[in-house]
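Here's a quick tour of some charged contacts and one piece of sheet. Have the viewer open while you read.

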Amino acid sequence: MDRLGNWITNKTAVPFYARKQFEVKGAVKFAKAKVCGLGQFHFYMNGQKVEDHELDPGWTNYRKLIEYVTFDVKEYLKEGMNMLGAEVGNGWFIMEDEHYTFHFPPFMPPNPNPYRAFGKYLVLAMELEICYEDGTTQRIVSDETFQVKEHPVVMSNVYGSETIDGRKVVKDWCVADCEKESSQLKADESEKYVPQDSGWRQAVRVPDGECPEGKLIEQFQPPVKVIHTYEGKYLHTYQEKREIYDFGQNMSGILEFEVKGKTGQEVRLYPAEKLTQDGDVDQMAKGWVNVDSCMTYIIGQDDVWETCRMRFTYFAGRYAAVEGISEKDCGPVLIRNLKADAISSAFVRSGTFECDDIRYMQVYDLVEKAVEANMVSVHTDCPTIERFAWQEPNHLMAPSIFYMKDGKKLWEKFLLDMRTDQHTAEDYFYDYEGEKVYPGDGLMPSQCPCYLPNVLPVPGMGSFYDIIPWGSTCILGAYWHYQFYGDVKIIEDNYDAGMRYLEHLKSRVNEDGFLNHGLGDWGNPKNELARENIETAFLYADAVTLAKFADILGKTQDQVRLNQYADEIKKNYNEKLLIRHPEEEFWCYRSFDHPAETFLTQAGQALPLFWGLVPEDVKADVVQALRYTLEKEDAFICGEVGLPYVIQCAREYGMNDLISRFMMRREHPGYYAFVLDGETTLGEYWETNPRSHCHDMMGHIIEWYYNGISGIIPTRPGFSEVLVKPYLPEDLHRFMCSYESPHGTITVKAEETEDRINLIICAPEGMKVETDISNLRSKGKEIIVINREEHKQGKH
């Protein structure tokens, strides 16, 4: 096994302990451990958990790619006898289906390509290397000398259910047995000596043909960590059998509590995002499915406070119902100190925004909390129902998230997952008759990693597997990464995959020169999907972006061919979609799927504007058409696919007032409507009580906080050059925004007083900053611009 020890197991598909006692024989210079337990693991040394990670290692396609985690363990070691240990749980490696697991909804046909476990047993591999001050080294690898034992977590479900049997808890299981001092052992005996506690047995080495298949790499993205702890607030007792608690925040989290009762009694916790009208937890996902996630604890001792904490999975929600405390046949069960640890991979902030209008802050917080809850080494679509790594927000939401969070390494992981799962010509699935289906070379699955592939198109809806705004993340996700971080390596790493994907897309173009096999403007509140318009605009975006990449990489011939192909798309697009509106008399883009009428959508104008499909001589008309569609609806009538482009084109072309007004609508569609609904994270769709109450996919408004209100706009990749073009909405009188760019922190602060507006810009030395105050509403007041780095002050 590459760089680690052997894969070992206890030959079960449920969680287990593993441990090894060893002797440290002198002063340690450094020590590191490389560890991988599949699907999830925790690592210990001498009774202490090493590091503060949760859910190691990151989720991947374990048949192709497996991450191990490297720990610095020098400070955990002591001279003499030591004990290392690991807890290994299921995760996606072997998915348990007790309680809720994802089911395709009734409107979709049965899936002939269900989940397949990645192995027969849960497995562990590790290597511990100790370098002594005298220059000698000691290497301990996982093998048959390790001991294994069943774990008190007797069931762990990746969708948030876990059963913990307190009767199986092993006290001090990872503490060295020092009754026999190391000085009493023979020279070769210390490595073999292990404590003889009851129930421990020799680990089994996994046969070569049954070992995990994926390539081993070191985990490089930020680990999942606890970012905040919320105390459970008791609300009431429901029907005399359930205590209902409120954590005050919807989240992805780990439940922990203390409990006391009689041995064998059970306490069950049911999490939920919302409550029913009569006060129970509501696990129904808007007519789709009942998300019956449940954490069960079986009391291990009579009348002793025991601590229970989830180990290998996480719950999703804001509320919890505690059941079992009122069972009177065995006496009362007591519970105390119920808390939820919110977890995320996106715990490092890049940006901050503050203002004097609480509504703006509430909307910002909704989106940020939803982003945090959906980052767990992959970018999930929601923590409650699917937990799938749908790829489209990894370019559509990239600017919003990059302004808020340090996404550099996370996006490198997401893009690696895409390259790992990109199809070859030999890859196949099965159709409903059991015949092989070959999706085609270069296809990018809509989910990467994809654990439940839904590869067959849904009648009347299109493909949920081969969707261009999803697959295009391999190109456009790399583009946004480059814009924010300025690292050419992201282009080098993803260029070939992008070129292969473009060739696949060419094979899907229909006889009219359009793509229309996907989902169009998914999430549009009026179901105005405009597939041909949307999907073909992305085809153009992919081609011109790859042409830019080819230029950066010096691939001149590729650049010429890509630009030629982009020109062909542009010519056909404008010939068939660009028309003069018969009543309004401006040029605009009709929807291809409404041939008998002049039908316009907001996304249908914005996407061609943003990506440069619009001929220069009619650009002003298409801007007018975009304004027309916005003012006509007085709201954002677009889904997650079109929304970022609608907002950004509205910003670019002087419609900031519409953005702020639409954002603050008190009814859906509108961001502030979610606040009035009582939500603490962003909902999936523009509606009250959406299917999922924790989706970040439409959080594109955050990009506008930074490049619209604050006006921080990179004009060169990596923010080496920046335009500051702020806007002060009617309801705002003060804001302060900062962004930690690769070239340093840039801060923009605006404050309106009775007689003037002060604009203060702070930028790091060497960053070229241009200021444009044309968007600032002056109300006849003097605008003072102060650049503190250059010590210049001007009056405008």
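## A bridge within one helix

Asp-558 and Arg-561 bring their side chains together in a salt bridge, with N and O 2.5 Å apart. Keep in mind that we're looking at a predicted model. Both residues belong to helix α9, which covers residues 556-577, and because they are three residues apart there, about one helical turn separates them.

## Bridges across the sequence

Next up is Asp-621, whose side chain meets that of Arg-580 in a salt bridge at 3.8 Å, N to O. This pair ties together distant parts of the chain: Asp-621 sits in helix α11 (residues 619-633) and Arg-580 in strand β30 (residues 578-580), 41 residues apart. With 19% relative accessible area, Asp-621 is buried, while Arg-580, at 44%, is partly exposed.

Lys-225 and Asp-52 make another salt bridge, and their closest N and O atoms are 3.4 Å apart. Here the partners are 173 residues apart in the chain: Lys-225 is in strand β17 (residues 224-231), and Asp-52 is in the loop between β5 (48-49) and β6 (53-54). Asp-52 is partly exposed, at 42% relative accessibility.

How many salt bridges does a search of the whole structure find? The count is 46.

Some charged residues team up in a network. Which residues are linked this way by salt bridges? The members are Lys-49, Glu-54, Glu-256, Arg-309, Lys-339 and Asp-341.

## A three-stranded sheet

Three strands make an open sheet in the order β32-β33-β37, and the pairing is mixed. At the edges are β32 (712-714) and β37 (768-771), each of which pairs on one side only. On average, neighbouring strands in this sheet are turned by 25° against each other, ignoring direction.

Zooming in on one pairing, β32 and β33 (residues 721-724) run antiparallel and are joined by three bridges. Within that pairing, Ile-713 stands opposite Leu-723 of β33.

Conventions: Residues are numbered from 1 along each chain as its sequence is written. This is a predicted model: local features need pLDDT of at least 70, side-chain atom pairs count only at pLDDT 80 or more; totals for chains, interfaces and linings use all residues. Side-chain values use heavy atoms; hydrogens and water are left out. A salt bridge is a side-chain nitrogen of Lys or Arg within 4 Å of a carboxyl oxygen of Asp or Glu. Helices (H or I, at least four residues) and strands (E, at least two) are DSSP runs, numbered from the N terminus. Buried means under 20% relative accessible area, exposed over 50%, partly exposed in between (1.4 Å probe, protein chains only). Two strands pair if DSSP finds at least two bridges between them. Axes are lines fitted to C-alpha atoms, for helices over the stretch in contact, and angles run from 0 to 180 degrees between N-to-C directions.
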